[in-house]
Amino acid sequence: MRFLDYLRKQVEKLDFRHDDKILSQFALPILKGETIPYTIVEDMHPDTTCILNFNYTTIAENYSKLIDSSIYIPIHGNINGDGLKSQEPIFGFGDDMDTDFEKFELHDNEEIFKNIKSFKYLQFGHYRNLIDFIESNPYQIHIYGHSCGLSDRTLLNTIFENKNCISIKPFYYKEDGLDDYERKNYAISRHFKSKSELSQPSFS
């Protein structure tokens, strides 16, 4: 696939050097004022940081190696995955909440489901690791770079509406006096089935 070939060439050129500003963001405390009321009694540092990588490269993994008590989950695989020992890149439809998905399920043609992300997640243990993490303790979500588009709606809904999600903190693009903070919040809202739940996690 040309896209993967392109990514591999770009990664080969990359001389990874971590950015201190980005790394410091992973160490930020969870502030009481950023969370759903009455979920934490004071500002705190999380015991564990989970980096859920939607990218196909290892840049996020390199950062995870610099963070104490971190869990790295390449949920969409990686550019060198072979589908046997490691997850190959996952592409396809990721919105099982879409009304068109119900139409897919009525078809006898099973070829349709080969491009549904939810089924790809079952091939390796990454999705199970994610569920184990979000079910274990309350957590704050940091969003870096992800557009929060509908292509990952099912997975993001699982994370955002989980009872343990106490805060969603998008890090947004800002340049020349413009930013995408509101647009990102609009995108996040589309991943909530329950709009009453949307008002619960604090956006900061």
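Asp98 lies in the loop between β2 (70–73) and α4 (99–105), where helices (H or I, at least four residues) and strands (E, at least two) are DSSP runs numbered from the N terminus. The structure is a predicted model, in which local features need pLDDT of at least 70 and side-chain atom pairs count only at pLDDT 80 or more, while totals for chains, interfaces and linings use all residues. Residues are numbered from 1 along each chain as its sequence is written, and side-chain values use heavy atoms, with hydrogens and water left out.

**Asp98 and its surroundings**

- Asp98 is partly exposed, with a relative accessible area of 22%; buried means under 20% relative accessible area, exposed means over 50%, and partly exposed lies in between (1.4 Å probe, protein chains only).
- Once its neighbours within four places in sequence are set aside, Asp98 is in contact with Phe93 and Arg153, contact being defined as heavy atoms within 4.5 Å.
- Between Asp98 and His142, which are 44 residues apart in sequence, the C-alpha to C-alpha distance is 25 Å.

**Helix α7 and its packing**

- Helix α7 (residues 153–160) is mostly covered, with 7 of its 8 residues buried, and these are Arg153, Thr154, Leu155, Leu156, Asn157, Ile159 and Phe160.
- The elements against which the buried residues of α7 pack are the strands β1 (49–52), β3 (139–144) and β4 (165–171), together with the helices α5 (117–121), α6 (126–136) and α8 (181–189).
- Two packed helices are described by the angle between their axes and the distance between the axes.
- For α6 and α7, the axes come within 10 Å and cross at roughly 25°, where axes are lines fitted to C-alpha atoms, for helices over the stretch in contact, and angles run from 0 to 180 degrees between N-to-C directions.
- The helices α6 and α7 are therefore roughly parallel to each other, since angles under 35 degrees count as roughly parallel, over 145 as roughly antiparallel, 65 to 115 as roughly perpendicular and the rest as oblique.
- On the α6 side of this pairing, Tyr127, Leu130, Ile131 and Ile134 meet Leu155, Thr158 and Ile159 in α7.

**Asn157 within α7**

- Asn157 lies in helix α7 and, at 9% relative accessibility, counts as buried.
- Not counting residues up to four places away in sequence, Asn157 touches Met97, Asn162, His191, Phe192 and Lys193.
- The C-alpha atoms of Asn157 and Ile188 are separated by 9.0 Å, although the two residues are 31 places apart along the chain.

**Salt bridges**

- A search of the whole structure finds 7 salt bridges, each being a side-chain nitrogen of Lys or Arg within 4 Å of a carboxyl oxygen of Asp or Glu.
- Lys117 and Asp152 meet through their side chains in a salt bridge, at 2.8 Å from N to O; this pair links distant parts of the chain, with Lys117 in helix α5 and Asp152 in the loop between β3 and α7, 35 residues apart.
- Lys117 counts as buried at 6% relative accessibility, and Asp152 is likewise buried, with a relative accessible area of 5%.
- Arg8 forms a salt bridge with Asp5, the closest N and O atoms being 3.1 Å apart, and the two residues, 3 apart in helix α1, are separated by about one helical turn.
- Arg8 is partly exposed, with a relative accessible area of 27%, and Asp5 is also partly exposed, with a value of 37%.
- Asp132 forms a salt bridge with Arg128, with 3.3 Å between the closest N and O atoms; being 4 residues apart in helix α6, Asp132 and Arg128 are separated by about one helical turn.
- Asp132 counts as partly exposed at 42% relative accessibility.
- An α-helix has 3.6 residues a turn, so residues three or four places apart point the same way.

- Met1, Phe3 and Tyr6 form a nonpolar patch on the surface, with about 360 Å² of accessible area together; accessible areas come from the Shrake-Rupley method with a 1.4 Å probe, and for residues only the protein chains shown count as cover.
- Patches are made of residues with over 30% relative accessible area and no salt bridge, like charges being joined within 9 Å and nonpolar side chains (Val, Leu, Ile, Met, Phe, Trp, Tyr) within 5 Å.
- Phe3, found in helix α1 (residues 2–13), is partly exposed, with a relative accessible area of 38%.
- Thr49 has its place in strand β1 and counts as buried at 15% relative accessibility.
- Thr49 touches Phe26, Ile67, Ser69, Ser70 and Ile71, not counting residues up to four places away in sequence.
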